[in-house]
Amino acid sequence: MGSNSSRISDLPENEYLKKLSGTESVSENDPFWNQLLSFSFPAPTSSTELKLLEEATISVCRSLVENNPRTGNLGALIKVFLSRTKELKLSAECQNHIFIWQTHNALFIICCLLKVFICEMSEEELQLHFIYEEKSPGNYSSDSEDLLEELLCCLMQLITDIPLLDITYEISVEAISTMVVFLSCQLFHKEVLRQSISHKYLMRGPCLPYTSKLVKTLLYNFIRQEKPPPPGAHVFPQQSDGGGLLYGLASGVATGLWTVFTLGGVGSRAAASPDLSSPLANQSLLLLLVLANLTDASDVPNPYRQAIMSFKNTQDSSPFPSSIPHAFQINFNSLYTALCEQQTSDQATLLLYTLLHQNSNIRTYMLARTDMENLVLPILEILYHVEERNSHHVYMALIILLILTEDDGFNRSIHEVILKNITWYSERVLTEISLGSLLILVVIRTIQYNMTRTRDKYLHTNCLAALANMSAQFRSLHQYAAQRIISLFSLLSKKHNKVLEQATQSLRGSLSSNDVPLPDYAQDLNVIEEVIRMMLEIINSCLTNSLHHNPNLVYALLYKRDLFEQFRTHPSFQDIMQNIDLVITFFSSRLLQAGAELSVERVLEIIKQGVVALPKDRLKKFPELKFKYVEEEQPEEFFIPYVWSLVYNSAVGLYWNPQTIQLFTMDSD
């Protein structure tokens with residue numbers, strides 16, 4: 001590297017990098033470091049070029065791995081960086097561009113080296129590289145200064161304490177990226193790491209006091225969505241003669257090296273391409289999710305999860321209980337707005353799930369909002385475009401709905417919000433519909449998609465649970481929503497009859513041949529009957545609790561009354577069919593009395609009149625349908641691979657060789 005611009009292809013032969021990784025020790029006070037850190041080169045413009053950067057520097061990194069136990073040059077580089085960060089805040093205030101630029105370059109090199117070291121060796125071996133003692137080369141002592149912990153603390157200080165200016169934007173992003181790399185050892189293990197040196201540093205010792213401040217800073221970075229400064233905005237103004245060497249170097253970083261940090265990693269179906277308008281917000285969110293999903297230590301709970309679980313609104317003046325550690329306050333209105341605007345990405349949806357599930361203050365605040373459509377509509381759009389989303393993103397969106405529908409106030413209020421012209425809903429023109437009816441339509445569509453494509457019982461269960469939670473509060477259902485409820489029941493009924501016929505034929509076949517293994521149709525039949533019963537309970541709950549509010553559902557029931565005939569005497573459904581059968585019989589009788597050739601409007605009028613005449617005590621009361629989301633045992637087995645797949649696909653400027661990844665399969669959904 002050094003003061004001359006370099007091409008990526010030149011890096012393996014770069015004299016400064018060769019000296020850094022060579023057999024000669026370089027003192028931290030050597031002028032060499034100023035030369036090494038004054039570099040620029042044309043930046044990669046694609047994930048392919050990011051891969052080329054990795055491949056071009058791998059030989060240098062491996063030479064350092066081999067020689068560092070004798071030279072201690074990695075430690076010297078880190079000490080140079082640590083000494084510079086002590087003056088970083090003052091440099092930012094004084095607009096010392098060159099000092100900040102070189103400090104950034106030092107961190108960039110450290111991050112590149114650290115990524116290779118973590119991939120190539122165990123954490124124990126990595127730690128040895130950070131506790132080299134110059135007085136006895138190659139001899140490691142437990143009393144040595146642990147530069148790994150010191151570097152981690154320094155990064156936390158840099159992220160939380162350095163003001164975000166045009167000239168500090170890059171180094172703030174790089175500090176967050178380096179922390180992600182610090183924790184990336186998880187990528188190279190098939191099993192979830194439950195004991196890790198990096199976890200130990202973060203949960204104990206000098207790093208621990210920064211917990212709440214770090215979580216708060218990362219959240220605010222996500223909220224603010226600060227865009228990177230335009231090229232040249234954070235360097236010396238160009239002089240009339242074209243500028244000197246220093247301007248050339250600084251602008252080289254601004255227009256060249258910086259691009260490295262605004263590129264996504266290699267892609268797969270694991271996540272959608274991130275919106276890179278704010279690399280700082282993107283990296284901050286990924287680091288926050290990684291920290292939130294660290295496993296607890298045997299004797300210490302994850303402090304970052306504790307901070308996420310307990311923070312409060314800035315407008316909440318009540319004192320924090322002394323039993324709550326790492327507490328802080330943040331502006332809930334700003335956070336809510338950011339969450340509503342950013343739901344196109346997996347990581348923003350995962351953050352929303354995390355906050356709703358784990359922070360009761362946030363959940364209470366959101367459920368009290370009078371503009372819940374701003375949050376619910378993006379979630380519904382994720383589910384509507386299920387074909388384009390990965391399964392994890394769909395699950396998170398669905399669980400968010402399930403958590404929201406646990407609240408009766410939410411279930412009532414969504415039917416009071418009237419929406420106009422939902423352009424992304426293409427099956428039918430919806431010029432005016434309530435948020436509640438739209439939610440029902442999208443969830444039913446998700447169930448139908450699942451029935452024909454993925455056939456995932458977990459997805460079915462959560463969709464039906466959300467509908468069940470809402471059913472007692474159904475109000476003024478849109479005619480199309482009412483039709484789709486009955487259409488779904490029709491689809492299930494046909495499927496039930498088909499499987500029943502297959503089971504009967506299979507049984508007959510088994511009597512004539514004992515050699516051929518038979519499909520387990522009984523199990524399929526049980527699953528379908530469970531779903532059918534759930535749908536009948538949902539319809540029954542609506543009729544029992546809000547019949548007078550839903551003439552369109554009664555109309556749809558009457559129109560498809562023959563569907564329910566076969567279930568009246570079925571032993572699995574007899575009890576739940578009582579009310580449905582009563583409603584169908586009662587209103588059919590009134591329509592018969594009104595004569596033939598009735599218009600839709602006249603039928604609805606008769607239904608509305610009949611609702612008043614139907615004695616409420618004739619409808620049998622059943623226990624209220626209420627389902628709560630319960631996180632599965634050992635949720636980290638799901639969330640940690642998911643979070644790291646997001647990091648792998650969404651982290652800007654970070655590339656990992658897919659052949660080295662062991663935590664998840666690269667071609668999986």
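Reader: Let's start with a pair of helices. Is the crossing of α25 and α27 left-handed or right-handed?

Author: It's right-handed for α25 and α27. Keep in mind as we go that this is a predicted model.

Reader: And at what angle do helix α25 and helix α27 pack?

Author: The general idea is that an angle from 65 to 115 degrees counts as roughly perpendicular. Here, α25 (residues 551–559) and α27 (residues 600–613) pack at about 110°, and their axes are 10 Å apart. That makes α25 roughly perpendicular to α27.

Reader: Which residues make the contact between α25 and α27?

Author: On the α25 side you'll find Pro 551, Asn 552, Val 554, Tyr 555 and Leu 558, and on the α27 side Val 600, Val 603, Leu 604, Ile 607 and Lys 608. Sorted by class, that contact has eight nonpolar residues, one polar and one charged.

Reader: Okay, now another pair. How far apart are the axes of helix α18 and helix α21?

Author: For α18 (residues 373–384) and α21 (residues 435–452), the axes sit 9 Å apart, and the packing angle is about 20°. Angles under 35 degrees count as roughly parallel, so α18 and α21 are roughly parallel to each other. As for handedness, α18 passes α21 in a left-handed crossing.

Reader: What does the contact of α18 with α21 have by class?

Author: Nine nonpolar residues, one polar and two charged. From α18 the contact draws on Glu 373, Val 376, Leu 377, Leu 380, Leu 383 and Tyr 384, while α21 brings in Leu 435, Leu 438, Leu 439, Val 442, Arg 445 and Thr 446.

Reader: How many of the residues of α8 are buried?

Author: 12 of its 15, so α8 is mostly covered, with buried meaning under 20% relative accessible area. Among the buried ones are Leu 147, Glu 149, Cys 153, Cys 154, Met 156, Ile 159 and Thr 160.

Reader: How far is the C-alpha atom of Tyr 655 from that of Cys 112?

Author: They're separated by 9.8 Å, even though Tyr 655 and Cys 112 are 543 residues apart along the chain.

Conventions: Residues numbered from 1 in each chain as written. Predicted model: local features only at pLDDT ≥ 70, side-chain atom pairs only at ≥ 80, totals over all residues. Heavy atoms only, no water. Axes fitted to C-alpha atoms, helices over the stretch in contact; angles between N-to-C directions. Helix = DSSP H or I, 4+ residues; strand = E, 2+ residues; numbered from the N terminus. Parallel < 35°, antiparallel > 145°, perpendicular 65-115°, else oblique. Left-handed = near helix turned anticlockwise from the far one by under 90°. Contact = heavy atoms within 4.5 Å. Nonpolar A, V, L, I, M, F, W, Y, C, P; charged D, E, K, R; others polar. Buried < 20%, exposed > 50% of the residue type's maximum accessible area, 1.4 Å probe, protein only.
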